Amino acid sequence: MRRKTMLAAFTVILGAQLLIVKVSQGHGDVTPQSVDVTGLDKLGEEFLAENPYRAMGGEQYELAIEIGASGYNQNCARCHGLEAISGGIAPDVRLLEDGELGDEWFMERVRNGYSQNGAYKMPPFEELLSQEAMWAIRSYTETRPKPE
Ligand code: HEC
């Protein structure tokens, strides 16, 4: 092969690879990120019915909100919107009920995800996030101001 042709071929291959990287980054199936819950009280194996950090209040709740903000941005924002403001792809999580009713629905969805016609519209996070991380994310979303 002549040099020019090789160079051209190389450029095409490189371009194609860059394109693949771009496409996969833009796609919804980003690998979920584990959430560092250092400092939060451990909750054990059994899933609780109500957000324990809200009940604890004070520093635990504040830390939960902080950890939850980054956990949310890494795992949920691409569908539910930055800062929990929905762009319309998925429901606005600020509209969940306050208190235990909202907690229950939140956990049901986050643990099991949601599938329609055999395809996940929302992945299940049961195996990906700890219970502590889930309640931290709930703490963050429940303290975002509700839309008008
Ligand atoms: C791939 C997109 C996607 C990701 C990522 C995602 N969700 Fe969802 N989520 C959805 C869709 C779509 C629904 C609507 C399901 C339905 O119709 O009930 C939903 C529903 C929910 C609901 C129920 C809302 C309601 O009003 O009924 C909650 C709570 C929720 N998601 C929380 C989360 C949290 C927390 C995360 C991150 C840990 C997350 N979701 C990640 C797509 C996503």
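The iron atom of the ligand is coordinated by NE2 of His80 and SD of Met122, at 2.0 to 2.2 Å, where donors are N, O and S atoms within 2.8 Å of the metal (3.2 Å for Na, K and Ca) and water is not among the atoms, so sites may look incomplete. This pair links distant parts of the chain, with His80 in helix α4 and Met122 in strand β2 (residues 119-122), 42 residues apart; helices (H or I, at least four residues) and strands (E, at least two) are DSSP runs numbered from the N terminus. The structure is a predicted model, in which local features need pLDDT of at least 70 and side-chain atom pairs count only at pLDDT 80 or more, whereas totals for chains, interfaces and linings use all residues. Residues are numbered from 1 along each chain as its sequence is written, and side-chain values use heavy atoms, with hydrogens and water left out.

The arrangement around the iron atom of the ligand is octahedral because its six donor atoms subtend angles of 87 to 178 degrees, the criterion for six donors being that opposite donors are over 155 degrees apart and all others between 65 and 115. For six octahedral donors the ideal angles are 90 or 180 degrees. His80 has a relative accessible area of 13% and is therefore buried, and Met122, at 17%, also counts as buried (buried means under 20% relative accessible area, exposed over 50%, and partly exposed in between, with a 1.4 Å probe and protein chains only).

Helix α3 comprises residues 58-75. At 1.5 Å a residue, its 18 residues should span 26 Å, which agrees with the 25 Å between its end C-alpha atoms; the expected span is 1.5 Å times one less than the number of residues. Buried residues of α3 include Tyr61, Ala64, Ile67, Gly68 and Tyr72, and what covers the buried residues of this helix includes α2 (52-56), α4 (77-80) and α6 (131-142), contact meaning heavy atoms within 4.5 Å.

Arg94 is found in the loop between α4 and α5 (99-112) and, at 10% relative accessibility, counts as buried. Leaving aside neighbours within four places in sequence, Arg94 is in contact with Ala84, Ile85, Thr141, Arg144, Pro145, Lys146 and Pro147.

Note on methods: Tetrahedral: all angles 85-135°; square planar, octahedral: opposite > 155°, others 65-115°.
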